[in-house]
Amino acid sequence: MTGAYLGDDVKKSTQLKDLGITEETSIKVKSKDGKETEIKLNGEMAIGDLMQKFSDAGLNANFDENNHRFYISAKETGAAADFDIVAEDEAG
C-alpha cells in the first residue's frame, strides 16, 4: 500500500495533528488469520511513532522522507498475508 504525497515539509517527526488528526481515535489492522491489532492515534503522535505501531502490528511500514509517502506492506507474500486497515470513525 502506497500513501498519497503529503507535502515537502512532512517528515517522520511531523505530528499527526499537522495532518489533520486532532482528536484521539483508533484504527485496526486486521490480518487474514483473524488477528486484530488496535492502534490508538492522537495529534501529538509523530509519523515515525505511527510507523512503529504498524510494525508492531506485524506489517512492514515506512515513511519515505524523500518521496513524502507512507509505504505499508505485509511481511509475508501471498493471499494468506493480506491485511486490512480499518478506521474506527471519521477521524481515523
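A nonpolar core is a set of buried Ala, Val, Leu, Ile, Met, Phe, Trp, Tyr and Cys residues joined through side-chain atoms within 4.5 Å; buried means under 20% relative accessible area, exposed over 50% and partly exposed in between, with a 1.4 Å probe and protein chains only. The model is predicted, with local features requiring pLDDT of at least 70 and side-chain atom pairs counted only at pLDDT 80 or more, while totals for chains, interfaces and linings use all residues. Residues are numbered from 1 along each chain as its sequence is written, and side-chain values use heavy atoms, without hydrogens and water.

The largest nonpolar core has 18 residues, and those touching the most other members are Leu 16, Ile 39, Leu 41, Ile 47, Leu 50, Met 51 and Phe 54. Helices (H or I, at least four residues) and strands (E, at least two) are DSSP runs, numbered from the N terminus.

Contact (heavy atoms within 4.5 Å) links Ile 39 to residues including Ile 27, Val 29, Leu 50 and Phe 54.

An open, antiparallel sheet of 3 strands has the order β2-β1-β5, where pairing requires at least two DSSP bridges between two strands. Because β2 and β5 (83-87) each have a single partner strand, one side of each lacks a neighbour in the sheet. β1 and β2 pair over 6 bridges, and Lys 28 stands opposite Glu 38 in β2.

Asp 49 lies in helix α1 (residues 47-56) and is partly exposed, at 42% relative accessible area.

How values were computed
Lists of a residue's contacts leave out its neighbours within four places in sequence.
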